[in-house]
Amino acid sequence: MIGPGTGVRVYLACGTTDMRKGIAGLAALAQDVLRQNPASGAVFAFRGRRGDRLKLLYWDGQGFCLYYKVLERGRFPWPVAGDGTARLTSAQLAMLWEGIDWRRPDWGAPPARVS
């Protein structure tokens, strides 16, 4: 994914978001609901009601970028609505974008060493 890179702040809007919203509507949610400046350089993540759609809003210094992904199968892992906002690392954002459960990644057992 072309995007903000490592070390960026990531905010998830817990619960569901109307996926018909565009840049202006999502920026308003970032400011009014998440209480963050949408042009701060942070990434704001929003998930649809069915859980298979994800939108990321990001200010790159010149304008807003809107990333949109729809999973063919499965759902994006998401915190419950009562949590309000969740913070993620850039590594967790990469896992989220790939549909991996960033809350409990299964790295498996380390490979056996062959001597």
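Two strands pair if DSSP finds at least two bridges between them. Helices (H or I, at least four residues) and strands (E, at least two) are DSSP runs, numbered from the N terminus. In this predicted model, Arg47 has Leu54 of β3 as its bridge partner.

Residues are numbered from 1 along each chain as its sequence is written, and side-chain values use heavy atoms, with hydrogens and water left out.

- Contact means heavy atoms within 4.5 Å.

- β3 spans residues 53-59 and is mostly covered, with five of its seven residues buried. Buried means under 20% relative accessible area, exposed over 50%, and partly exposed in between (1.4 Å probe, protein chains only).
- Five bridges pair β3 with β2 (residues 43-47) in the antiparallel sense. Val43 has Tyr58 as its bridge partner in β3.
- The β2-β3 hairpin has five residues between the strands, and Gly51 takes a positive phi near 85° there.
- β3 also runs antiparallel to β4 (residues 64-70), joined by seven bridges. Leu57 has Leu66 of β4 as its bridge partner.
- Four residues lie between β3 and β4 in their hairpin, and Gly61 in the turn has a positive phi of about 100°.

**Loop residues**

- Arg35 sits in the loop between α1 (23-32) and β2. Its phi is near 60°, a positive value in a residue other than glycine.
- Arg35 counts as exposed because its relative accessibility is 67%.
- Asp52 belongs to the loop between β2 and β3. Its relative accessibility is 13%, so Asp52 counts as buried.
- Leaving aside neighbours within four places in sequence, Asp52 contacts Lys69, Val70, Leu71, Gly74 and Phe76.

**Trp78**

- Trp78 is placed in the loop between β4 and β5. Its relative accessible area is 7%, so Trp78 is buried.
- Beyond its neighbours within four places in sequence, Trp78 is in contact with residues including Leu12, Cys14, Phe46, Leu54, Leu96 and Arg103.
- A polar atom of the Trp78 side chain lies 3.1 Å from the backbone oxygen of Ala13. A polar contact is a pair of N or O atoms within 3.5 Å; within protein, one must be able to donate a hydrogen and the other to accept it, and residues adjacent in sequence count only if both atoms are side-chain atoms.
- Trp78 and Trp102 are 24 residues apart in sequence, and their C-alpha atoms are 9.0 Å apart in space.

**Aromatic rings**

- Three aromatic pairs turn up in a search of the whole structure. Rings of Phe, Tyr and Trp (its six-membered ring) pair if their centres lie within 6.5 Å; planes under 30 degrees apart count as stacked, over 60 as edge-to-face and the rest as tilted.
- One of the pairs is Tyr11 with Phe44, stacked at 5.6 Å centre to centre and 15° between the planes.
- Tyr11 lies in β1 and Phe44 in β2, so this pair ties together parts 33 residues apart in sequence.
- Tyr11 counts as buried because its relative accessibility is 7%. Phe44 counts as buried because its value is 0%.
- Tyr67 and Trp97 form an edge-to-face pair, 6.4 Å centre to centre with 80° between the planes. This pair links distant parts of the chain, with Tyr67 in β4 and Trp97 in α2, 30 residues apart.
- Both Tyr67 and Trp97 are buried.
- Lys55 lies over the face of Tyr68, 5.1 Å from the ring centre. A charge sits over a ring if NZ of Lys or CZ of Arg is within 6 Å of the ring centre and within 35 degrees of the ring normal.

Technical notes: Predicted model: local features only at pLDDT ≥ 70, side-chain atom pairs only at ≥ 80, totals over all residues.
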